[in-house]
Amino acid sequence: VQLQASGGGSAQAGDSLILRCAASGRDIFGYGMGWFRQASGKEREFVAAIGGRTVIRTFYSDDVKGRFTITRDDGENIVYLNLNRLKFEDTAIYYCASDREYRRLDVATLPDEYDNWGPGTLVTVSS
């Protein structure tokens with residue numbers, strides 16, 4: 001599967017952005033999807049994930065819980081990440097990825113649990 005993230009850009013602290021991850025080459029149905037981010041000089045970190053089972057489960061990092069929302073549209077093969085109440089420290093390149101395991105029981109939160117990554121989209125938040 002090929003993933004293409006978009007929707008990044010510049011924003012002021014407190015603003016909102018919507019990131020979009022479009023998949024092609026394979027349906028995302030049944031696969032968990034995740035968002036990670038990497039700030040300059042830092043390691044890639046988990047942001048949010050959504051499971052691939054019938055009962056949809058989501059999981060967020062503590063840094064974004066309550067501010068970001070991950071959703072999926074399997075019919076359109078798209079995963080979204082709504083970024084609300086942005087903070088300066090949210091500045092990073094955001095990557096979407098697909099879980100390597102079909103219908104994983106838990107929500108994947110580790111980079112090694114994902115096998116397809118998009119090129120990323122830059123989010124810059126000014127305070």
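The second largest cavity is lined by Gly-51, Gly-52, Arg-53, Val-55, Arg-57, Arg-104, Leu-105, Asp-106 and Val-107. A cavity here is a set of points, on a 1 Å grid over the protein atoms alone, where a 1.4 Å probe fits but cannot get out; lining residues have an atom within 4 Å of a point. The model is predicted: local features need pLDDT of at least 70, side-chain atom pairs count only at pLDDT 80 or more, and totals for chains, interfaces and linings use all residues. Residues are numbered from 1 along each chain as its sequence is written, and side-chain values use heavy atoms, without hydrogens and water.

Two cavities reach 30 Å³ or more. Volume is the space filled by probe spheres set on the grid points, which are joined across faces, edges and corners. The lining of the largest cavity includes Gly-32, Ile-50, Asp-99, Ala-108 and Tyr-114.

| Cavity | Volume | Lining by class |
|---|---|---|
| Largest | about 40 Å³ | four nonpolar, three polar, three charged |

Ala, Val, Leu, Ile, Met, Phe, Trp, Tyr, Cys and Pro count as nonpolar, Asp, Glu, Lys and Arg as charged, and the others, Gly among them, as polar.

Now the strands. They are DSSP runs (E, at least two residues), numbered from the N terminus. Two strands pair if DSSP finds at least two bridges between them. Strand E1 (residues 2-6) runs antiparallel to E3, with five bridges. Gln-4 has Ala-22 of E3 as its bridge partner. Six bridges join E3 to strand E8 (residues 78-83), also antiparallel. There, Leu-19 is partnered by Leu-81 of E8.

Notes: On a 1 Å grid over the protein atoms alone, a cavity is a set of points where a 1.4 Å probe fits but cannot get out, and a pocket is an open set with protein on both sides within 12 Å along at least five of seven lines; lining residues have an atom within 4 Å of a point. Helices (H or I, at least four residues) and strands (E, at least two) are DSSP runs, numbered from the N terminus.
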